[in-house]
Amino acid sequence: MKDCNDFLIVRLSERPELCEAAAEWFSSKWNIPRSAYESSMAESLGAAVPSWYLCLDGDKVAAAMGVVENDFHPRKDLSPNVCAVYTEPEYRCRGLAGRLLEHVCADMAAHGIGTLYLLTDHTGFYERYGWEFLCPVTGDGEDEPSRMYVHRQK
């Protein structure tokens with residue numbers, strides 16, 4: 001079995017030829033129209049935010065996530081947001097999501113963005129990677145609040 005360091009992490013702005021396939025992959029995971037991802041990925045080609053990242057096993061996406069201004073919540077002051085965090089089931093429990101989170105945080109810091117936010121229903125997972133619970137936030141169209149986390153690059 002491959003170690004998490006055996007996978008290649010790419011930023012889509014550095015590999016724009018992967019945008020079409022990546023948009024399809026994200027759309028299939030999150031039920032958001034492919035066109036929304038295509039638009040954001042096109043915008044990412046000339047900006048720090050949005051940004052999209054893939055963790056690849058050869059040509060296959062094993063895990064991925066993005067960074068956007070707002071991840072469908074009313075707290076516009078908590079920006080930018082890590083979003084669309086997903087690891088394919090067969091790749092879970094190998095450290096891929098953690099490695100990808102660390103890579104994304106470091107890359108954003110290199111672009112002058114040292115604080116990131118993340119809205120999730122998970123508890124316990126993100127704390128392992130230096131994220132801290134900030135406050136409850138109710139996502140757009142949701143009845144119950146989710147957990148807003150913050151990560152400050154050291």
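Two strands are said to pair if DSSP finds at least two bridges between them, the strands themselves being DSSP runs of at least two residues. The legends below describe close-up views of a predicted model.

**View A. Strand β7 and its pairing with strand β6.** Strand β6, formed by residues 132-137, is joined to β7 by 5 bridges, and the two strands run antiparallel. Within this pairing, Cys135 stands opposite Met148 of β7.

**View B. Strand β7 and its pairing with strand β5.** Residues 115-120 make up strand β5, which pairs with β7 in the antiparallel sense over 6 bridges. Thr120 has Arg147 of β7 as its bridge partner. Strand β7 itself spans residues 146-152 and is mostly covered, with 5 of its 7 residues buried.

**View C. The surroundings of Asp57.** Asp57 lies in strand β2, which comprises residues 51-57. Although Phe7 is 50 residues away from Asp57 along the chain, the C-alpha atoms of the two residues are separated by 5.5 Å. Apart from neighbours within four places in sequence, the residues in contact with Asp57 are Lys2, Phe7 and Tyr91. With Tyr91 there is also a polar contact between side chains, at 2.6 Å from Asp57.

View D. The structure contains 0 disulfides. For Cys19, which takes part in no disulfide, the nearest cysteine sulfur belongs to Cys83 and is 14 Å away. Cys19 has a relative accessible area of 12% and is therefore buried, the limit for this class being under 20%. Cys55 is likewise buried because its relative accessible area is 1%.

Key. Residues are numbered from 1 along each chain as its sequence is written. This is a predicted model: local features need pLDDT of at least 70, side-chain atom pairs count only at pLDDT 80 or more; totals for chains, interfaces and linings use all residues. Side-chain values use heavy atoms; hydrogens and water are left out. A disulfide is a pair of cysteine sulfur atoms within 2.5 Å. Buried means under 20% relative accessible area, exposed over 50%, partly exposed in between (1.4 Å probe, protein chains only). Helices (H or I, at least four residues) and strands (E, at least two) are DSSP runs, numbered from the N terminus. Contact means heavy atoms within 4.5 Å. A polar contact is a pair of N or O atoms within 3.5 Å; within protein, one must be able to donate a hydrogen and the other to accept it, and residues adjacent in sequence count only if both atoms are side-chain atoms.
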